[in-house]
Amino acid sequence: MKTRAAVAWKAGAPLSIETVDLQGPKFGEVLVEIKATGICHTDYYTLSGADPEGIFPAILGHEGAGIVVDVGPGVTSLQKGDHVIPLYTPECRRCKYCLSRKTNLCQLIRGTQGQGLMPDASSRFSLDGKPIFHYMGTSTFSNYTVVPEIALAKIRKDAPFDKVCYIGCGVTTGIGAVLFTAKVEVGANVVVFGLGGIGLNVIQGAKMVGADKIIGVDINPARQEMARKFGMTHFINPKEVDNVVETIVQLTDGGADYSFECIGNTKVMRQALECTHKGWGRSIIIGVAEAGAEISTRPFQLVTGRKWEGSAFGGARGRTDVPKIVDWYMEGKINIDDLITHTMPLEDINKGFDLMKSGESIRGVVLF
Ligand code: NAD
Ligand code: AHE
Ligand code: ZN
């Protein structure tokens, strides 16, 4: 079949809207009509050329929601008409990682996914007979896409696609990092570095679990109003204080219980670790840093009890947890609507990237 898609032909170039060829689903795969997709900073990261796994030409996008149109042989858990959210972190429930119960990082198809291919090591997308690569196993910047069955969460049919698509990455990553990765407890002091599409969801998660001080750090002062609405109690603009770490240590009587880095800046990652409390502080890296970047600190920071950790997709097991997070939204327990500041047709997707880069949008959503 043919489908409209935004193609990333090469690093650093704007996306180009094309009508591409899409092969039907093979064994264990599902054809999905994407109804809406968010634009995440990670899409920009890969498009910019900073991603060591970046491969072109590709169809980016990993924050979508849509409807099952067709299923390939061997698919048992989904049928035509089901509403789904594609998962860049699948949940096969049978690999060593899934069975360990220690991680959400299912590895059954991670190898081919990182090469921009379906599990049988080929691509379903092409143009003029030349393959176009998939991205994160999802490629939601295409009106129709093929996704492995284990990388689809089935969701309730009354959930609006234009809102719950954001659960495909940002909402789950932010709230999940608090609930599933850090397991932040009532009364904890929390610091969030970077108040964008991810960081504001960390704030929302910290408020949900009853954190005490929720300190937000961002160089964009315009982020303060929205962050306060979501539960931030204190705001720090690094441009306005001499020493961010010292400021946080003083505000929290010795350091934060938890910090979350939601930028992808290795200097900030160090600050995020060092502003946590001696003896027990935990710092969770969510931000994705460019190829070649490395983190550093004095080992003494760890010797004296601080822990450096990371979180991918908020530690969520997608097929199990994503439908629950959709329920939380439908029950009014979490706010997604206010974070979706811009919507646009596929033709304007490059404007969506510009709005994110300039700090004007929090989440831009493409509507098909
Ligand atoms: P975003 O662009 O919406 O937000 C980034 C925020 O950081 C902005 O508000 C910006 O003003 C702020 N910022 C930039 N430099 C700063 C600095 N030096 N000090 C303080 N604030 C600064 O991006 P996003 O979509 O929220 O994504 C954030 C990061 O999380 C990205 O690196 C993205 O790739 C990553 N990410 C990781 C996961 C995961 O599973 N680990 C999932 C989604 C996104
Ligand atoms: N390809 C990158 C890694 C990018 C990365 O860390 N991705 C996160 C999700 S970001 C979503 O917006 C992730 O889930 N990582 C786990 C994994 O297996 O990729 C690189 O730097 O190589
Ligand atoms: Zn993302």
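These legends accompany close-up views of a predicted model.

Because the model is predicted, local features need a pLDDT of at least 70 and side-chain atom pairs count only at pLDDT 80 or more, while totals for chains, interfaces and linings use all residues. Residues are numbered from 1 along each chain as its sequence is written, and chains are lettered from A and ligands numbered from 1 in the order in which they are written.

**View 1. Confidence in the model.** The chain has an average pLDDT (the predictor's confidence in each residue, from 0 to 100) of 98, and 100% of the residues score at least 70. The scores for the model are ipTM 0.99 and pTM 0.98.

**View 2. A six-stranded parallel sheet.** Welcome to an open sheet whose six strands follow the order β12-β11-β10-β13-β14-β15, with parallel pairing. Strands (E, at least two residues) and helices (H or I, at least four) are DSSP runs, numbered from the N terminus, and two strands pair if DSSP finds at least two bridges between them. At the edges lie β12 (234–236) and β15 (307–310), each pairing on one side only. From one strand to the next, the twist averages 20°; axes are lines fitted to C-alpha atoms, for helices over the stretch in contact, and angles run from 0 to 180 degrees between N-to-C directions.

**View 3. A four-stranded antiparallel sheet.** In this open sheet the order is β1-β2-β6-β7, and the pairing is antiparallel. Its edge strands, β1 (2–7) and β7 (130–132), each pair on one side only. Here the twist averages 50° from one strand to the next. Three bridges link β6 (residues 125–127) to β7, and F125 has I132 in β7 as its bridge partner.

**View 4. The shell around ligand 2.** Among the residues around ligand 2 are C40, D51, E53, R110, C169 and F313, with near meaning a C-beta atom, placed from the backbone, within 6 Å. By class, the shell has seven nonpolar, two polar and three charged residues; Ala, Val, Leu, Ile, Met, Phe, Trp, Tyr, Cys and Pro count as nonpolar, Asp, Glu, Lys and Arg as charged, and the others, Gly among them, as polar.
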